[in-house]
Amino acid sequence: MLKKSELIRTLKNKRVAVIGNSPSAKNCDDYDIVCRMNNYVLNEQVGKRTDVYFFSYHQKVKYDYRMVDINICIVNPYEIKKHENNIRTLKNVYIERKSEKDWWAITGEQPSTGFRALYWLWENNVNFDFFGF
C-alpha cells in the first residue's frame, strides 16, 4: 500500500495530465505523469501511456488495473470489504476513503470517477491539466 504522502510527493512539481474517456481526448504522452480512469482505451489519438489509474467500485470496470504503476482507488468505506480480495492483488495502490455522506455534501449526488479523480488532485494541491471530459 502506498502512503498518501509518498503519492503526493510523486505527483508534485510534475506535468500531470488527466485524460477522460471522451473520443476528443488528446495524446498527452509527453507529460511527466498521465492519469486515466475506468474503462479507457489506448491508441495514437489519446495516447498509449498510463502512469496513474483512478478507479472506484460504483461501476463495472473492465480494465486490468494491475498493469499500471500507481492505482488510486477512491471508494466508500463499505466498498472496501466487498472488494478486499481485488484490492490486495494490486501493486502500488492508495485507497482514499470518502463516505457517501462526504460526496453528497461536496456534489449533491454520487459523482463520477472522473470527478472524484479531479477533486482528489485538487484537494491535495496537485497541479494538472485535463482533457477529454
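Q: Which residue stands opposite I33 in β2?

A: V16 stands opposite I33. The model is a predicted one, in which local features need pLDDT of at least 70, side-chain atom pairs count only at pLDDT 80 or more, and totals for chains, interfaces and linings use all residues. Residues are numbered from 1 along each chain as its sequence is written, and side-chain values use heavy atoms, with hydrogens and water left out. Strands (E, at least two residues) and helices (H or I, at least four) are DSSP runs numbered from the N terminus.

Q: How many bridges join β1 to β2, and which residue of β3 is the bridge partner of C35?

A: Two strands pair if DSSP finds at least two bridges between them. β1 and β2 run parallel, joined by three bridges. β2 also pairs with β3 in the parallel sense, again over three bridges, and V52 in β3 partners C35.

Q: Which way do the residues of β2 point?

A: In a regular strand, side chains alternate between the two faces of the sheet. Here I33, C35 and M37 point one way, V34 and R36 the other.

Q: Which residues touch the most other members of the largest nonpolar core?

A: Nonpolar side chains tend to be buried together in soluble globular proteins. A nonpolar core is a set of buried Ala, Val, Leu, Ile, Met, Phe, Trp, Tyr and Cys residues joined through side-chain atoms within 4.5 Å. The largest has 19 residues, and L7, L11, V52, F54, I72 and W120 touch the most other members. α5 gives the most to this core, four residues.

Terms used
Buried < 20%, exposed > 50% of the residue type's maximum accessible area, 1.4 Å probe, protein only.
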